[in-house]
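Subject: Structure handover, aromatic contacts

Hi,

Here is the structure I promised. Please open it alongside this note.

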Amino acid sequence: MSDADADALVVRGGTVHTQTDRGTIDGDVLVVDGEIAAVGDVDAPGDATEIDATGMEVTPGLIDAHSHAGMAEWGEPEDGDVNEGTSATTPHVNALDGFHPRDEELQGAFQNGVTTVSARMGSGNVIGGIICSMKTYGTVADRMFIREDGMKAAMGENPKRFHGEQEGRQPSTRPGVAATLREELMATEDYIEAREHARENGEPFERDLGRENLARVLEEDLPLRVHAHRSDDIMTVFRIAEEFDIDALSIEHATEGHVVAEEFAERDVPAIVGPSFSSASKYELRNITFETPGILHDAGVTVAIQTDAPVLPQQHLDVCVGLAVREGFPEEAALDAVTTNPADILGIGDRVGDLAEGTDADLVVWDGPFHEMDTRSRHVVVDGEVVFDRERDDVDPREEYAW
């Protein structure tokens with residue numbers, strides 16, 4: 001886009017939700033060289049590109065803390081790369097190697113203000129692999145990459161069905177899923193001990209990529225992010241985490257999280273809730289409700305809201321938040337659930353999630369409160385570049401993404 005070439009950009013006159021201690025202010029946002037340079041009454045360079053946000057609301061770019069955008073290939077599920085189905089445990093794989101910048105799911109995302117996603121492996125395996133926080137706009141995955149933010153794991157029906165239906169392969173039951181996870185963590189403890197012994201004694205040691213990745217989980221360098229819908233599965237995750245002294249942890253989906261909200265709060269474990277906009281497509285979803293985020297929030301749990309794209313379209317993250325608000329999630333916490341909370345959960349708050357000076361210039365100008373159904377994104381900026389402008393007829397992001 002032509003505006004992207006400017007070194008300075010100023011968004012003038014909006015209601016700015018800084019997501020910092022400054023709260024919400026009326027003023028401007030100055031962007032210089034891809035970063036937030038100032039917020040408030042700013043003195044912009046004379047040649048800065050200007051966006052008029054008068055009467056509009058400005059927020060940080062939205063973050064989806066649990067997505068398969070870039071991995072599942074929108075409209076082409078046969079080309080998806082979310083499950084390495086050759087084994088029930090695949091800690092050696094990395095989502096970055098399957099992230100496709102031209103997945104059209106990403107295009108819809110940034111056009112509607114979702115500028116960062118945690119792109120991840122699927123829930124077919126008990127251990128799925130490393131997951132990565134990624135920007136949604138770009139053409140090269142390495143330049144869209146923010147950080148490796150966790151190791152994917154899964155409980156319940158998905159790994160049971162995915163592997164149990166194949167003759168002779170564990171797991172086929174919930175105890176089998178839990179045992180498989182324990183076995184891998186125990187083997188990794190032994191691996192760490194053997195590795196340390198070899199280092200101390202100057203002995204050769206044969207490295208294993210999967211064990212190295214799981215060692216990062218046990219050493220608190222890589223959080224364990226566990227797909228768990230039912231309350232009993234959630235408690236199994238808590239039990240295993242305590243057995244292996246894993247504190248860096250999040251529960252993904254948390255469909256019955258409201259049943260054990262106090263357990264989340266007691267352990268200070270965040271919940272990434274959703275997708276809640278569906279019918280009970282499997283038994284463990286029978287208690288699905290948009291009331292879950294509000295109940296967890298009221299219990300003192302850090303809550304993020306997700307789409308699980310492409311289960312729900314990535315571009316409708318704001319709609320999911322709005323439905324949660326309708327069902328009791330506090331309106332004042334709505335923006336937190338898709339900005340600061342997921343940024344903190346994913347460990348990327350130094351880059352995204354607020355409009356603090358020095359952070360990435362990812363922001364959205366909306367024509368109303370972001371989570372209301374009739375609100376639309378008007379301008380979207382990623383890394384200081386205007387990537388979507390609804391007001392310019394000659395700008396069509398699809399042209400850049402055409403094959």
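Is F290 buried or exposed? F290 is buried, with a relative accessible area of 11%. Keep in mind that this is a predicted model.

Now the aromatic pairs. The count comes to five. Two of them are set out below.

The F110 and Y137 pair: the ring centres are 5.0 Å apart. The planes stand at 85 degrees, and edge-to-face needs over 60, so this pair is edge-to-face. F110 lies in helix 1, residues 104–111. Y137 lies in the loop between strand 8 (127–135) and helix 2 (141–144). The pair therefore ties together parts that are 27 residues apart in sequence. F110 is buried, at a relative accessible area of 0%. Y137 counts as buried too, because its relative accessibility is 12% and the cut-off for buried is under 20%.

The F277 and F290 pair: here the rings are tilted. The distance is 6.5 Å centre to centre, with 50 degrees between the planes. F277 and F290 both lie in the loop between strand 12 (271–273) and helix 8 (292–298). They are 13 residues apart in sequence, so the pair ties together parts with that spacing. F277 is exposed, with a relative accessible area of 53%, whereas F290 is buried at 11%.

The charged end of R286 sits over the ring of Y283. The distance from the ring centre is 4.3 Å.

Best wishes

Definitions and conventions: Residues are numbered from 1 along each chain as its sequence is written. This is a predicted model: local features need pLDDT of at least 70, side-chain atom pairs count only at pLDDT 80 or more; totals for chains, interfaces and linings use all residues. Side-chain values use heavy atoms; hydrogens and water are left out. Rings of Phe, Tyr and Trp (its six-membered ring) pair if their centres lie within 6.5 Å; planes under 30 degrees apart count as stacked, over 60 as edge-to-face and the rest as tilted. Helices (H or I, at least four residues) and strands (E, at least two) are DSSP runs, numbered from the N terminus. Buried means under 20% relative accessible area, exposed over 50%, partly exposed in between (1.4 Å probe, protein chains only). A charge sits over a ring if NZ of Lys or CZ of Arg is within 6 Å of the ring centre and within 35 degrees of the ring normal.
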